[in-house]
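Let's take a walk through this protein together, one selection at a time.

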Amino acid sequence: MQRILFLLAIAISVKSFGQTTWYIDTRGNDQHKGTKEQPLKSLSAALSKIRTAPTGEITLVLGKGTHYLGKPILISPELLNGHALHITGSGEGSTILSGAIPIQPNWKPWKKGIWQAFIGKNLAADQLYCNGKALPMARYPNIDSSARFFNGTAADALSKERIRSWSAPEGGYIHALHQAEWGDFHYKILGKASADSLLLEGGWQNNRPSPMHKEHRFVENIQEELDAPGEWFYNRKSGVLYIIPPGGNRPQSCRFELSQLDVLFSLAGTEADPVKAVRFSNLVFTGTNRSFMQPREPLLRSDWTINRAGAIVAEGTENIQLKNNKFHQLGGHAVFVSRYNREVRIESNHIYEIGGNAIAFVGDMGAVRSPLFRYEEEQEVARMDLTPGPQSNQYPANCQAYDNLIHSIGLVEKQVAGIQISVAMDITVSHNTIYNVPRAGINIGDGCWGGHQIEFNDVFQTVLESGDHGAFNSWGRDRYWVPSIEGVDARVADNPSLPYLDVIKPITIRNNRFHCEHGWDIDLDDGSSNYRIYNNLCLNGGLKLREGYDRIVTNNILINNTFHPHVWYANSKDLFTHNIVTNPYAPIRIRNWGLRVDSNFFIAPQALEAAHQLKIDLHSKTGDPRFNNKFAGDFSVSPGSAALSTGFVNFPMDEFGVVSASFKKIAAHPPLLQVVQLQSQQTGQLSSWMGARVKNIETLGEQSASGAPDKAGVLMVEVPPGSLAARNGLQAGDIIRTINGEAVKDVTALFGLIQSISWQGQAELQILHNQQFIKRTIRLK
């Protein structure tokens, strides 16, 4: 019914039901009439005819081959003049719209297997394509497809010795992982500050600032690093292009193109005068520049900053459809739905081999009441606008991403997602297959304003080039939230409606299959509230609920992992019931257990025993769940399974992911499980220090709960009131990183350093408190 209403909306938004069709062909002529026999040559010429066309829908049919756009195509209300518009290709996968330009270098051998050709001075040269595939710039270290990060990184990428070897590095780039593996940073080299140091600009790509990762970094676009097949370097001053041809070929065997455009199509209207009823189908979008150095804006207090660009950008639109298209070999994002948009449907598209996000629904930050933009920022409740919901309509709403095949994205940028949602309402993400991504498959950046339906998706091979994240990930650092747990407890006790001011509608996650490589299958991080999570199959990373309110988690299956409750508020109203869980829970800094944690089924008997010790799950059971065919991915339980007696109900195991027959043939699948692993959740030995209980950081959960960049340091587990640790201001969850400037690697190092300075009577600690580094002077006696 929803789809029928969507198509009806397109029909009634045009002046009449007449139709005009014009044809465009790369061999055509813009002086022609645009008939099939006499096609136009350029899309721009066809668009210019719309304003004076008869009323009704305009169909533009582009012929096979590559159509080089030359400049971004602007579709505005003025251009459409009330017409509906359908831009389509004449054959599936054979009509290419490119933001690149073809070049025909006159190649000559140079030295060491390098060829050179003069192509003109001061050209824009961001991506060089050989036969439609982007080649790597000259880089160090060289491409290593087996490397986890950036296809190869090296700690000495910025060593003084290497910098001294570069004669003119200006124009080069540095790409590095965040210190805590929370995404990435990128810098442009402006020149040398000295013989062995650089002048840089950049680092604005992540909203959680940190130093570059010490090991995971690489440099590119530096001539001295041109030493591997496929690499290239363009000297803007001389106009010479250098290349080592890929695969040992002669460069004459390649068809070369240079990317030129950041955006291919911009649909630009306003809320008062929107672009309406535009469709794209059967097209291939390719050839855009990388966007990692473009200006960005923070997405509230999430970890993201973002650039509002993409192959297709929609802003100020209604009733837009993208169907049966291919987006690949793009430097940045594929589809960006920005600010005011209603009824945008992105359906049955294949999106792969791109530098940024596949699909982003991102509203205007000005639509948020009392917004903040950095993790550490706080605002007094007395100074807040306490009106629920948005203060304008400048956000996407009632939009859909359905039946899209998304994989191999984030080839350049790592803080990306298959589908990103921020400052939006009522977004449906349904029946998509998403895999091979550096961070989350689906990410929701904030609670503004909920109503999203995340359903029937197949999301796996996620968090491949980052850490402490989820196949599904969310944040909820909304108006009510501050980094201090006690601070939130006090605020919400005084005003229980605070957590619902922004997330005014529940967010539903149901009937999905998730698999995360280096984090959690479902990760509800800082502040995420008002979620309904049911009928999900989690294959590897389990389910995490950090700070937040009103999360109802029921009837899920957590294979090879468990439930990870982290740092709950005093009256969280969380509920965890009727789930099948493999291993013992992994709680961190849990002072209470919400509304109810009970009536679950544990595969490992020791998991139920551990729950009973926590005085929860008193009506839960354990045993063999009798999965019907776990080796084929069917984790429904057989009749008579003891899991059914806890209230668990089977849900379909064959409805995850794409529905198009053509996509089902080519889509990958998550790894099949050979065994159901029973893993111990023991957290290591506790030691006593200053009357507190401390330990080494051993698990990802302990690292994540404290926001630590690595596992170095000593974790304060229990700090009894009145203890010397408490009197010194230390709290449970704090991590001691240094003492008097000396690194504290573990508990052994802590005791050794304290013993060596005990005669001084005091010490200066660097601690990680509420995910922020602070210094504190403590008394040792």
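Two strands count as paired here if DSSP finds at least two bridges between them. With that in mind, remember that you are looking at a predicted model, and select residues 453-455, which form strand β36. This strand runs parallel to β33, and three bridges join the two. To see one of them, show Val429 and its bridge partner in β36, Ile454.

Now select β33 itself, residues 425-430. Is this strand mostly covered or mostly open? Mostly covered: six of its six residues are buried.

Next, look for an open sheet of four strands in the order β7-β19-β10-β11, paired antiparallel. Select 100-103 for β7 and 133-134 for β11; these are the edge strands, each pairing on one side only. Between them in that order, β10 (residues 128-130) and β19 (residues 256-259) share three bridges in the antiparallel sense. Leu128 has Leu258 in β19 as its bridge partner.

Then move to an open sheet of five strands, β12-β16-β13-β14-β15, again with antiparallel pairing. Its edges are β12 (139-140) and β15 (197-202). Select β16, residues 212-220, to find the antiparallel partner of β12, held over two bridges. Opposite Arg139 you will see Glu220 of β16.

**Into the cores**

In soluble globular proteins, nonpolar side chains tend to be buried together. Which residues have the most contacts inside the largest nonpolar core? They are Ile75, Phe265 and Phe280, in a core of 90 residues. Strand β27, residues 335-347, gives the most to this core, with four residues. Centre on Ile75 and show what it touches beyond its sequence neighbours: the list includes Leu80, Leu85, Ile87, Val275 and Val278, along with Phe265 and Phe280. Apart from this core lies another, of 22 residues; select Trp689, Ala692, Val744 and Leu765, which are among them.

**A last stop: confidence**

Finally, colour the chain by pLDDT. The average is 93, and 95% of the residues score at least 70. Residues 4-17 are a stretch to treat with care, with pLDDT below 50. Beyond near neighbours in sequence, this stretch has 22 contacts in the model. Where pLDDT is low, the predicted coordinates should not be read in detail.

Note on methods
Residues numbered from 1 in each chain as written. Predicted model: local features only at pLDDT ≥ 70, side-chain atom pairs only at ≥ 80, totals over all residues. Heavy atoms only, no water. pLDDT = per-residue confidence, 0-100. Contact = heavy atoms within 4.5 Å. Buried < 20%, exposed > 50% of the residue type's maximum accessible area, 1.4 Å probe, protein only. Core = buried A, V, L, I, M, F, W, Y, C linked by side-chain atoms within 4.5 Å. Lists of a residue's contacts leave out its neighbours within four places in sequence.
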